[in-house]
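User: I have a model open and want to learn how to read it. Can we go through it feature by feature?

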Amino acid sequence: MKSLKSLATKLKVNLVFPITRSFISFSTVLILDRSSKVSLGKGSRIRGFCEIYMEKNSELFFGNSAVLMRLGEIVVTEGASLVVGENCYIGSNANIRCHKEITIGKGTKIAQFVSIIGGQYEHSDAEKVIEYKRFQSKSVSIGENVWIGVGVVILPGVKIGNGAVIGAGSIVTKDVESNSVVAGNPAKQIGLRR
Ligand SMILES: CC(C)(COP(=O)(O)OP(=O)(O)OC[C@H]1O[C@@H](n2cnc3c(N)ncnc32)[C@H](O)[C@@H]1OP(=O)(O)O)[C@@H](O)C(=O)NCCC(=O)NCCS
């Protein structure tokens, strides 16, 4: 892992990491601050044309056999951490913005074009400009064995319980109970898994 980091720091782009333990595709771009930590579990894979940006003291953990499919973009800002549990699958064109802590429990399956958003601009005062100085970082927690449909957006601060199902195209604005099926904008419960 140490050599991966120093190589990535030197190259800044197009890191190749074709070893048996884990795999990062040729065409993936990793931009890592020297103080960031990246840990890839056995059999984990990061497919082509992904872009991963890691700021100061940020952490990224991919559990064993976790997969990030092509064209995913991951940003982990200063001091933040993203944990992807073992056997998670993240479909192509994922957009993950981690500003505090994002955890994805083991076995969770995420379809294509899903956004997981860990922050937003403070916007209540119309007199003040919208700027990064007043950015609010919030954690997002996604449980184990969750299924997230295509095109879902998960907003800052949301907690999704184990075994939940999120219907395609949903905007998740509030916490989701374990084993519930939610859908729509804003996402509402449409069923319960037995
Ligand atoms: C959420 C989902 C699993 C629900 O399937 P289901 O349990 O069979 O539910 P139903 O199709 O019977 O729908 C129940 C109700 O919810 C509504 N509904 C279902 N999915 C919805 C969605 N994504 N957005 C809004 N409403 C939805 C249905 O219109 C129906 O409403 P009605 O009772 O007023 O007629 C499914 O609709 C879905 O979105 N699957 C995701 C598929 C996907 O993204 N695959 C990617 C590859 S893994």
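Analyst: Start with one residue. V67 is buried because 20 other C-beta atoms lie within 10 Å of its own, and 20 is the cut-off for that label. Keep in mind that this is a predicted model.

User: Where does V67 sit in the secondary structure?

Analyst: V67 belongs to strand β8, residues 67-68.

User: Which residues is V67 in contact with, leaving aside its neighbours within four places in sequence?

Analyst: A contact is read from C-beta atoms within 7 Å. For V67 the list is S44, R45, Y89 and I90. A C-alpha distance is another way to read the fold. V67 and V84 are 17 residues apart along the chain, and their C-alpha atoms are separated by 9.0 Å.

User: Let me try another residue. Is A94 buried or exposed?

Analyst: A94 is buried, since 22 other C-beta atoms fall within 10 Å. This residue is found in a loop, between β11 (89-90) and β12 (95-98). Beyond its neighbours within four places in sequence, A94 is in contact with L68, G72, I110 and V114. Its C-alpha atom is 8.1 Å from that of I116, 22 residues apart along the chain.

User: What does the protein chain look like in total?

Analyst: The protein chain has 1 helix and 25 strands. Of its 194 residues, 36% are buried. Among contacts with a separation of 6 or more, 17% join residues 24 or more positions apart.

User: How do I read the order of strands in a sheet, and which order is found here?

Analyst: Follow the pairing from strand to strand. Here 6 strands form an open sheet, in the order β4-β7-β10-β13-β18-β21, with parallel pairing. β4 (37-40) and β21 (159-160) each have a single partner strand, so one side of each has no neighbour in the sheet. These two stand at the edges.

User: How many bridges link β13 and β18?

Analyst: There are 3 bridges, in the parallel sense, between β13 (residues 101-104) and β18 (residues 140-142).

User: Now the ligand. Which residues come nearest?

Analyst: The ligand has 13 residues around it, and A111, G149, G167, A168 and A183 come nearest. Sort the shell by class next. It has 7 nonpolar, 6 polar and no charged residues. Then ask which elements supply it. β24 (180-183) and β25 (188-192) each give at least two residues to the shell.

User: What should I look for in the backbone angles?

Analyst: Look for exceptions. Most peptide bonds are trans, and most residues other than glycine have a negative phi.

User: Where is the cis peptide bond?

Analyst: The cis bond joins N185 and P186, with omega about -5°. P186 lies in the loop between β24 and β25.

User: Which residues have a positive phi although they are not glycine?

Analyst: Two to inspect are F49, at about 60°, and N57, at about 55°. F49 is in the loop between β5 (44-46) and β6 (51-54). N57 is in the loop between β6 and β7 (59-62).

User: Why is F49 called partly exposed?

Analyst: F49 has 16 other C-beta atoms within 10 Å, so it falls between the limits of 12 and 20. N57 is also partly exposed, with 15 other C-beta atoms within 10 Å.

Notes: Residues numbered from 1 in each chain as written. Predicted model: local features only at pLDDT ≥ 70, side-chain atom pairs only at ≥ 80, totals over all residues. Pairing = 2+ DSSP bridges. Helix = DSSP H or I, 4+ residues; strand = E, 2+ residues; numbered from the N terminus. Near = placed C-beta within 6 Å. Nonpolar A, V, L, I, M, F, W, Y, C, P; charged D, E, K, R; others polar. Contact = placed C-beta atoms within 7 Å.
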